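Me: I am new to this structure and would like to understand the words used to describe it. Could you take me through them with care?

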Amino acid sequence: MKAPISGHTLSLAMRTAYVTGAASGIGRATAHRLATDGFAVFATDIDEAGGIETVAQIEAAGGTASFVRCDVTNADACRALVAQILDAHGRLDVAVHNAGIEGPVLPLAALDPDAFRQVFEVNVMGVVHGMQAALGTMVEAGQGSIVNVASVAGLNGFPFHAPYATSKHAVVGLTRTAALEVARTGVRVNAVCPGFTDTPMVDDGLQKMGQTLEQLTRRIPARRLGHPDEVAAAIAYLASAAAAYVTGHALALDGGLDAG
């Protein structure tokens, strides 16, 4: 793994966090929010240009951040990311596993099995690799918070998105299982389940489905898309001491979709 492309020298007094998929959307907003909350943030992605831009924005606002290219489908890369954070700072406080892909938008019967494999490699195994890399050091330290980004599609069926919905159900299951395994250690594991949020992935999904934004928002009880900053605020809460008694929870942020 490459050394950080940009970032300040880290103070040993600072709490640290990493965010995968930090080059845009929810990941970028979360990196910004955690930096605002005083974390030294490691923004990771395979999109170097977008990740470096995220770091530049954080630094311009007075925060501390570094970009590290990390392919979450590679377990060694995830372990190296955590090792790099520990080498630079001596601690890992928060891990946010946000990297994900949508996959094809097709009826289940028309899907190539390889579509499931590709989506699962990023959306499921990417979370598995990150959690395995982070949990060891957090359990040893007796503290830490992991927040996995699932989806409202991980709580309900999502027609024509079988690989995506199945992968996000798996993320919720991973979250709850890990939370039970480490509940007595001081480490917490939670998930957020965003609904339709104003991100490049949702824009791409609308194009694939041939839908307009107006058609989509009519399906949402709140009659609007969520904003990445709203999801980031929920992640920051779950990562904070304010949520010290919250673990194994999958928090829906969906404008009421899951209530219908």
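**Terms and values**

Reply: Arg 223 is placed in the loop between α8 (213-217) and α9 (228-239), where helices (H or I, at least four residues) and strands (E, at least two) are DSSP runs numbered from the N terminus. This is a predicted model, in which local features need pLDDT of at least 70, side-chain atom pairs count only at pLDDT 80 or more, and totals for chains, interfaces and linings use all residues. Residues are numbered from 1 along each chain as its sequence is written, and side-chain values use heavy atoms, with hydrogens and water left out.

Me: Why is Arg 223 called exposed?

Reply: Buried means under 20% relative accessible area, exposed over 50%, and partly exposed in between (1.4 Å probe, protein chains only). Arg 223 has 53% relative accessibility and therefore counts as exposed. Arg 223 also has a positive phi of about 60°, although it is not a glycine.

Me: What makes Phe 160 partly exposed?

Reply: Its relative accessible area is 43%, so Phe 160 is partly exposed. Phe 160 lies in the loop between β5 and α6, and its phi, near 70°, is a positive value in a residue other than glycine. Most residues other than glycine have a negative phi.

Me: Is Ser 145 buried or exposed, and how do you know?

Reply: Ser 145 counts as buried because its relative accessibility is 2%. Ser 145 sits in strand β5 and, leaving aside its neighbours within four places in sequence, is in contact (heavy atoms within 4.5 Å) with residues including Asp 93, Met 138, Arg 188 and Leu 238.

Me: Why are α5 and α6 called roughly parallel?

Reply: Helix α5 (residues 125-141) and helix α6 (residues 162-182) pack at an angle of about 15°, with their axes 12 Å apart; axes are lines fitted to C-alpha atoms, for helices over the stretch in contact, and angles run from 0 to 180 degrees between N-to-C directions. Angles under 35 degrees count as roughly parallel, over 145 as roughly antiparallel, 65 to 115 as roughly perpendicular and the rest as oblique. The two helices α5 and α6 are therefore roughly parallel to each other.

Me: Which residues make that contact of α5 with α6, and how does it divide by class?

Reply: On α5 the contact is made by Val 127, Val 128, Met 131, Leu 135 and Val 139, and on α6 by Val 171, Leu 174, Ala 178 and Val 182. Ala, Val, Leu, Ile, Met, Phe, Trp, Tyr, Cys and Pro count as nonpolar, Asp, Glu, Lys and Arg as charged, and the others, Gly among them, as polar. By this scheme the contact of α5 with α6 has nine nonpolar, no polar and no charged residues.

Me: At what angle do α3 and α5 pack, and which classes of residue meet there?

Reply: The angle between α3 and α5 is about 35°, with their axes 8 Å apart. Their contact includes Cys 78 and Arg 79 of α3 and His 129 and Gly 130 of α5, and its residues divide into six nonpolar, three polar and one charged.

Me: What makes β3 and β7 edge strands?

Reply: Seven strands form an open sheet in the order β3-β2-β1-β4-β5-β6-β7, with parallel pairing, and two strands pair if DSSP finds at least two bridges between them. The edge strands β3 (64-69) and β7 (250-253) each pair on one side only. Strand β1 (residues 16-20) and strand β4 (residues 94-97), in turn, pair in the parallel sense over three bridges.
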